[in-house]
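This report covers a single protein chain. Please look over the sequence and the model before reading on.

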Amino acid sequence: MNKNNGSSMTNFILLGFSDRPQLEHIISGVVFIFYIVTLVGNTTIILVSNLDSQLHTPMYFFLSNLSFLDLCYATSIIPQMLVNLWGPTKSITYGGCVLQFFFALDLGATECLLLAVMAYDRYAAVCQPLHYTVIMHPQLCQKMVLVAWLGGLGSALILCSLTLKLPRCGHREVDNFFCEMPALLKMACVYSKVIEVVVYALGVIFLLVPLLLILISYAVITQAVMRIKSTARWSRVLNTCGSHLTVVTLFYGTLIYMYMKPQNSTSQDEGKFFTLFYTIVTPTLNPLIYTLRNKDVKSSVKRILCIEKWSAKS
């Protein structure tokens with residue numbers, strides 16, 4: 001049998017939750033609501049961060065990039081998922097699968113680096129307040145974001161090229177609701193030690209190292225917070241840092257569980273629900289976490305709405 005035949009360009013079948021048809025309608029309704037909240041919440045943060053001059057700071061520059069990432073990430077996955085859940089067919093074209101796979105890797109890796117950058121920004125703001133504007137100058141912020149985007153792009157190109165070269169021996173069924181790496185690797189009819197090593201190496205670079213830097217940053221921040229005597233400033237630091245730490249815990253926790261464990265140690269159903277969490281729930285929670293815990297964003301929204309209301313009356 002010619003193994004290369006299995007890698008030809010053909011439609012794939014996204015199995016998703018087809019083995020649990022009674023859940024598909026419930027899941028589709030929940031996913032649709034979450035997607036609307038993701039679109040509205042992240043778009044609001046991007047608009048507010050750009051329209052309000054008081055939010056033209058490094059923190060909100062990074063936050064607007066995070067919101068843009070979440071918008072792109074959710075949009076690369078959820079519309080196709082809803083089409084498959086609502087329609088009779090569960091198929092996706094080869095090109096569509098490749099794009100889903102690439103953007104999921106690219107945007108996921110970029111977010112890992114961006115969250116580490118945001119932790120450094122909080123460290124500079126809390127521990128070096130007098131030198132904050134000098135340390136986090138606009139050129140440095142732009143370079144850090146650019147490195148995060150390019151790093152994500154590089155990792156996605158490496159993993160995509162290696163994974164898509166694997167022979168599939170005619171296998172067309174992707175046992176997940178989108179073209180994710182673990183599901184695509186299970187379709188292959190050969191075992192690749194190279195890919196396993198590369199995945200673990202990139203996992204260390206994009207998951208464990210950024211997480212370690214974040215934990216170090218927050219350890220130093222915690223020491224600094226304990227020395228703060230002003231209750232108002234102490235509360236403000238906890239609000240901004242608490243929001244970021246919540247997002248970090250949700251995002252890194254599920255990703256490390258999925259990608260740093262041996263693939264055979266996670267059941268497929270368990271993997272689907274974990275994937276559902278970090279691809280759909282996390283992008284929805286990010287804007288809610290940052291806005292509900294952040295007085296600056298809420299005040300900015302009120303100011304913009306009041307200006308619009310006043311302009312409409314006049």
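## Model and confidence

This is a predicted model, in which local features need pLDDT of at least 70, side-chain atom pairs count only at pLDDT 80 or more, and totals for chains, interfaces and linings use all residues. Residues are numbered from 1 along each chain as its sequence is written, and side-chain values use heavy atoms, without hydrogens or water.

The average pLDDT (the predictor's confidence in each residue, from 0 to 100) is 83, and 85% of the residues score at least 70. By element, the mean is lowest in helix α10 (residues 295–313), at 65, and highest in helix α5 (residues 138–164), at 95. Residues 1–8 have pLDDT below 50. Where pLDDT is low, the predicted coordinates should not be read in detail.

## Fold

The protein has ten helices and three strands, taken as DSSP runs (helices H or I, at least four residues; strands E, at least two) numbered from the N terminus.

Of the 314 residues, 47% are buried (under 20% relative accessible area; exposed is over 50%, partly exposed in between; 1.4 Å probe, protein chains only). M81 touches F17, I27, V31, F177, L276 and I280, not counting residues up to four places away in sequence; contact means heavy atoms within 4.5 Å.

## Surface

I216 lies in helix α7 (residues 193–226). I216 is partly exposed, because its relative accessible area is 45%.
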